[in-house]
Amino acid sequence: MNLSALLRARFQTALATLTDDPAPYAAMIRVAADPRFGDYQSNACMSLGKQLGKPPREIAALLVSRLALDPVCETPEIAGPGFINLRIRDEFLTSSLFAMLHHERAGVELTDHREKILIDYSSPNVAKPMHVGHIRSTVIGAALAEMFRFLGHDVITDNHLGDWGTQFGIIIYGYKHFGDADVVAANPVPELAKLYRLTNQLIEYQKAKKSLIALQAKLTDAQAHAAHETAASNAVASDTNTNAKEAKKALKAAQAAARRVDAIAAEINAAQTKVKAVDEDPRLAAIAAEHADVPAAVLRETAKMHEGDAENRALWEQFLPHCKDEINRVYDRLGVTFDHTLGESFYHDRLPGVVATLDKLGLTKQSDGAVCVFLDGFDSPMIIQKRDGAYLYATTDLATLQYRQEVFAPNRILYVVDSRQSEHFEKFFAMAEPLGMTDIELIHVQFGTVLGADGRPMKTRSGSLIGLESLLNDAVARAKDVACNPDRLATMNPPMLEEEQNRIAETVGIGAIKYADLSHHRATDYRFDVDKMVALEGNTATYMQYSYARTQSILRRVADEQKIDDIQAWLVENTTADQLQFSEPAERALAIALLRFEEAIEGAVSAYAPNQLCDYLYETAKTYSTFNDACRVLGNSDPIVLRTRLALVMLTGRVIKQGLRLLGIGVCERM
């Protein structure tokens with residue numbers, strides 16, 4: 001049940017007698033900020049009053065007289081300048097709870113407007129281990145897929161793997177020059193990772209050495225410019241005839257110039273760090289001297305692979321399964337699956353056809369030997385083929401889009417990719433219309449960055465991104481410390497054996513990392529703090545999992561007290577609608593929260609924002625905690641009170657479990 005949608009429908013019918021476009025005004029229904037004034041509130045009359053040229057309270061009185069809210073709400077109240085406060089009838093709440101008890105989907109109905117939605121997410125380069133940067137796309141995409149499926153949409157998930165291109169050129173070069181065939185064959189995953197890291201370090205070293213001269217020149221120019229701007233700002237500030245606006249403008253220019261100096265200095269420092277790491281290691285320095293042309297050589301190996309060179313293709317086919325095994329191990333641990341894993345290599349044979357199609361449509365132009373598409377509204381073109389004949393990500397994305405239209409024919413495609421790729425997707429989406437793909441809605445579900453404790457992108461001391469698996473291990477270890485500490489274990493009856501402790505630690509630790517990511521709005525950056533993630537208090541998965549475990553503990557204890565084998569089945573089979581009655585405000589507040597479950601899911605999918613579901617679960621868990629403190633369940637002799645409270649406990653557990661499942665997070669029967 002979606003209470004907001006039900007109220008909007010009633011309001012829209014009444015508003016149709018006052019305006020030709022009632023939908024926007026009907027949508028102005030919100031959860032009341034203060035429950036003393038009702039459960040929901042509409043401020044539509046404020047805006048409608050302006051349109052009709054009448055006082056909002058007069059409009060509100062007219063609207064209330066035309067609202068048909070029986071049996072959902074009590075008589076609406078008009079407050080302040082024209083707010084309409086709505087209070088759900090207790091009888092409607094209890095009858096809805098009764099229906100929810102018998103509904104296996106916790107009261108959430110299937111959509112009447114089913115769509116085919118393709119979700120493109122995760123998409124790591126498989127030639128190297130997954131790192132912290134992959135967590136956001138993976139968990140956001142998986143959560144959206146689960147929520148859309150739960151609402152009844154036809155969902156297709158595709159992991160567009162980076163299984164082609166330069167990263168494999170790096171491995172092939174490393175294998176040919178530094179690899180040992182027997183060693184790699186015996187232990188392929190870690191050995192290939194070593195070869196990748198070594199070759200990539202050599203590439204970064206050569207690039208850094210080459211960049212330092214140009215960077216030093218840029219720094220000198222920037223310092224001179226900053227000195228000039230600072231002097232100008234000081235002169236303006238000391239001139240008594242200068243107004244404040246001019247002084248502020250000059251100061252901003254000086255500050256911008258100073259930031260430019262700092263940025264270039266940081267680039268130089270990063271480059272020097274890369275150079276120093278090699279120069280101060282005799283073995284690496286010798287290898288770097290011998291492989292001075294490694295950046296160009298890697299590109300040549302990549303080009304040979306693309307051109308069908310027998311040796312390089314054979315090596316690619318040999319290495320690829322091991323690389324996939326590595327990432328699949330991480331996916332298994334995260335509990336993430338995909339319907340398809342069609343990587344870049346799958347589309348390689350289609351790329352010439354993409355260029356030919358664009359040529360035929362008259363959309364391409366030559367620019368410095370490269371094939372480009374110049375799009376209205378963009379300063380730079382979309383390059384689809386480089387002067388050496390190599391294709392780019394844009395070409396592969398266009399081929400992928402064509403394939404998806406031909407094979408899957410989706411209504412929507414969601415690309416769950418970080419916000420730094422926004423310009424690419426703007427150009428890419430602009431290409432859909434000239435290619436005749438006007439029936440597909442393309443959406444870039446962008447997200448921010450995972451930050452370390454210092455507020456900067458999370459990296460190791462060497463500057464590389466932190467491996468995802470090491471983060472999972474850390475979270476699981478901390479979760480065991482928190483959820484299975486000796487004091488808590490001492491209260492467990494029956495005792496909690498090591499196997500159960502490890503299972504709980506894995507569930508809580510993995511859930512903590514996922515929830516910490518999902519509970520922030522996807523467009524924002526967030527700081528990775530494993531101690532906060534596994535805390536038993538606050539907006540964490542651990543708090544939600546503990547709340548669920550508390551519901552199950554109560555149900556087990558009541559079952560023992562009442563000598564009932566299956567308390568949940570008994571409650572469903574032996575409870576009538578008139579046996580659910582509220583005797584305390586905390587019962588009613590929890591009932592309202594539970595009935596908003598569908599509303600929360602629909603809000604999350606409409607904004608592509610799983611944090612809305614997280615917020616709902618957290619507020620519901622807090623409301624349950626208040627109920628738990630105020631409303632005794634165990635030892636209650638009044639059958640009406642007992643059944644009502646048991647129903648609320650049971651449904652709270654069901655909603656939290658289902659809500660966490662939609663986020664890809666498991667629960668524990670006891671903690």
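Is Asp481 buried, partly exposed or exposed? The model is a predicted one, and in it Asp481 has a relative accessibility of 46%. Because buried means under 20% and exposed means over 50%, Asp481 counts as partly exposed. Its side chain meets that of Arg478 in a salt bridge, with N and O 3.1 Å apart. Arg478 is also placed in the partly exposed class, at 26% relative accessibility. Both residues belong to helix H17 (residues 468–483), where they are 3 residues apart and so separated by about one helical turn.

Side chains of opposite charge can pair when their charged atoms come close. The structure holds 30 salt bridges.

Arg412 is buried at a relative accessible area of 10%, while Glu115 is partly exposed at 23%. Salt bridges also form a network, which links Lys176, Glu301, Lys304 and Glu311.

The chain as a whole gives the setting for these pairs. Its secondary structure comes to 26 helices and 13 strands, and its C-alpha trace spans about 85 × 75 × 60 Å along the principal axes. Of its 671 residues, 49% count as buried. The chain exposes about 31,900 Å², with carbon and sulfur atoms supplying 50% of that area. Among contacts between residues at least 6 apart in sequence, 75% join residues at least 24 apart.

Gln545 is an example from the buried part. This residue is in helix H21 (residues 541–562), and its relative accessible area is 0%, so Gln545 is buried. Leaving aside residues up to four places away in sequence, Gln545 touches Thr507, Val508, Leu660, Ile665, Gly666, Cys668 and Met671.

Rolling a probe the size of a water molecule over the atoms shows where empty space is left. The structure holds 1 cavity of 30 Å³ or more, and the largest cavity has a volume of about 80 Å³. Its lining consists of Val126, Ala127, Lys128, Pro129, Val189, Leu192, Ala193, His322, Cys323 and Glu326. Helix H9 (188–238) and helix H13 (310–334) are the elements that give two or more residues to this lining. By class, the lining residues are 7 nonpolar, 1 polar and 2 charged.

The second largest pocket has a volume of about 660 Å³. It is lined by 24 residues, with Val31, Ile592, Ala593, Arg596 and Glu619 lying nearest its centre. Helix H23 (585–594), helix H24 (597–606) and helix H25 (611–630) each supply at least two lining residues, and H25 gives the most, with 7 residues. The lining of this pocket divides into 11 nonpolar, 6 polar and 7 charged residues.

Technical notes:
Residues numbered from 1 in each chain as written. Predicted model: local features only at pLDDT ≥ 70, side-chain atom pairs only at ≥ 80, totals over all residues. Heavy atoms only, no water. 1 Å grid on protein atoms, 1.4 Å probe; cavity = no way out; pocket = protein on both sides within 12 Å on 5 of 7 lines; lining within 4 Å. Points joined across faces, edges and corners; volume = space filled by probe spheres on them. Helix = DSSP H or I, 4+ residues; strand = E, 2+ residues; numbered from the N terminus. Nonpolar A, V, L, I, M, F, W, Y, C, P; charged D, E, K, R; others polar. Buried < 20%, exposed > 50% of the residue type's maximum accessible area, 1.4 Å probe, protein only. Contact = heavy atoms within 4.5 Å. Areas by Shrake-Rupley, 256 points an atom, 1.4 Å probe, with all protein chains shown as cover. Salt bridge = Lys/Arg side-chain N within 4 Å of Asp/Glu carboxyl O.
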